[in-house]
Amino acid sequence: MEGTLPPERRGFATDRPPDAIRRYSEAERLTHWAVALLYVALFASGLALFHPFFFWISALFGSPTTMRILHPFLGVSLAVLFFAYASRLWRDNLLLPSDRIWLRRMPGYMNGKDETPVEGKYNAGQKLMYWSMIAFVAGLLLTGLVIWRPYLAPSFGMTARRTAGLLHAVFGFVMFVGIGVHFYAAVWTRGSMRAMTRGWVTRTWARYHHPGWYRRMTGKVAE
Amino acid sequence: MALESLDVRRRSATETTSPSARSSVEVAKLIDVSRCIGCKACQAACMEWNDLRDRVGETRGTYQNPPDLSDQSWTLMRFREVELPGKGLAWIIVKDGCLHCADPGCLRACPAPGAVVQFSNGVVDFHEENCIGCGYCQAGCPFNIPRFGARDGKAYKCTLCSDRLAVGLEPACIKTCPTQCLSFGAKADMLRLAAGRVRELQGRGFEEARVYDPPGVSGTHVVYVLPHGDPALYGLPREAGISPLVTLWRSTFARGLGVVTMVSVLVAGFFHWMKVGPVDPDRRADRKEE
């Protein structure tokens, strides 16, 4: 579909159909992937500190001490980028009455029945993911700050540091489940990954997964 | 750092058995608080042998100097004034430092393999070249002992002079104590000596005198004789033990649960894909065209 690109961009390959709909802006995509890369580095280094079996991961960071020093700085970077991004999405993620129906039929959808029509830009599953990620990033940030040596940990009491250490690990693993579901859902619903890598979705994708959003974007009614 | 390498009981963050071809008798340092005159010879000897020099501070109105343990001060005479009901004022001087627990919280908490090592003689030693400076040992310690170097970010504490023990010498503080407040030897011998001291103190009117060898950490390799009994008078925890929060956090159970959680996510994703396959409206043959 080279016709959709300006002549000076003819060298950039794309299979974007001319009637594709933009779902994620450049800024959203870049922020999303910066957060994703930071998350991978954070989970890997956190795992190395949690379980001796995975301590070898620390070598990928140069040395175990380097990894320990880097981990909190990466964490704060993730939190800053994540909350900057998330603060722009809260309105689209408010739960609506129709989300109840979607959730009730989610097991059916996951087992091969067609998806219940979605009213907004995000379905109920995505919305719950959004709010739980806000909770987990906030929880990991706060507990992480309490155990951040040498800068902040010394000013907290030992009970606070012990509690924070335990909770940090719990949040880390529960968040891994969330990120796992998030990643799998993106792969499972074909076209979603492309929305986050290239920015656009096909009209069929939009009509099927987000008919309400499709109507708002195009003025057309989805069948 | 120590010279022992074949008689290791446990290493931090290590799940396989440590080299343990040799084993040696369990040792202990006995601190009889009733005999301490607060001369700080042990503090000076510790600095001397370990070649440590703490920062010159300022006086805070007590004889306690430096004010706290540090990466340069591995033992410290703590001067305390307490009111004893019916007995009046007591000036209590306690030699503070690592107690070398049989069940060391620092070792359990440490995420760096071999940064904390426990030898078969009971010494718990920090190997700073493996230390990553995370501070978990502080969270694990029931006695608030480990301290970090400001420049290197590594944890330090009393080694029980493991380097001296390895060549058959007694710890430096023991060698220098002028009042036999400090004794060193096999733990069994030290407990016998301590029991005798307690009997002697009770005979002199210290009815509450007792030995401090807290069972919450399976006993320690630094044992106190406390003439007034109550450990709290000496700044020691009455019920010493590793915090249950740390025990849970660093337990095999928690580690296993973490791994099971991770693996479950991968397995669930894999089998869901195999059962249902992807959702792909773009490739559905029966879809209606606009």
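Which residue in E4(B) is the bridge partner of Leu76(B)? The partner is Asp96(B). Please keep in mind that this is a predicted model.

**The hairpin in chain B**
- Strand E3 (residues 76-84) and strand E4 (residues 88-96) of chain B are paired antiparallel, with nine bridges.
- Three residues sit between the strands of the E3(B) and E4(B) hairpin, where Gly86(B) has a positive phi near 80 degrees.

**The four-stranded sheet in chain B**
- An open sheet of chain B has four strands in the order E9-E2-E11-E10, and its pairing is mixed.
- At the edges are strand E9 (182-186) and strand E10 (210-212) of chain B, each of which pairs on one side only.
- On average, and ignoring direction, neighbouring strands of this sheet are turned by 25 degrees against each other.
- Strand E2 (residues 27-32) of chain B runs antiparallel to E9(B), and five bridges join the two; Val27(B) has Ala186(B) as its bridge partner in E9(B).
- Lying across E2, E9, E10 and strand E11 (222-226) of chain B is helix H6 (residues 187-203) of chain B, which runs at about 140 degrees to E9(B).

**The helix pair in chain A**
- Helix H1 (residues 26-50) and helix H2 (residues 64-86) of chain A pack at about 150 degrees, their axes 9 Å apart.
- That angle makes H1(A) roughly antiparallel to H2(A).
- Residues of the contact of H1(A) with H2(A) comprise 14 nonpolar, seven polar and one charged.
- H1(A) and H2(A) have a left-handed crossing.

**Domains of chain B**
- Chain B is split into domain 1 (8-243) and domain 2 (248-283).
- Taken over C-alpha atoms, the centres of domain 1 and domain 2 of chain B are 46 Å apart.

Technical notes: Residues are numbered from 1 along each chain as its sequence is written. Chains are lettered from A and ligands numbered from 1 in the order in which they are written. This is a predicted model: local features need pLDDT of at least 70, side-chain atom pairs count only at pLDDT 80 or more; totals for chains, interfaces and linings use all residues. Side-chain values use heavy atoms; hydrogens and water are left out. Domain bounds come from an automatic or database domain assignment. Axes are lines fitted to C-alpha atoms, for helices over the stretch in contact, and angles run from 0 to 180 degrees between N-to-C directions. Angles under 35 degrees count as roughly parallel, over 145 as roughly antiparallel, 65 to 115 as roughly perpendicular and the rest as oblique. A crossing is left-handed if the near helix is turned anticlockwise from the far one by less than a right angle, and right-handed if clockwise. Ala, Val, Leu, Ile, Met, Phe, Trp, Tyr, Cys and Pro count as nonpolar, Asp, Glu, Lys and Arg as charged, and the others, Gly among them, as polar. Two strands pair if DSSP finds at least two bridges between them. Contact means heavy atoms within 4.5 Å.
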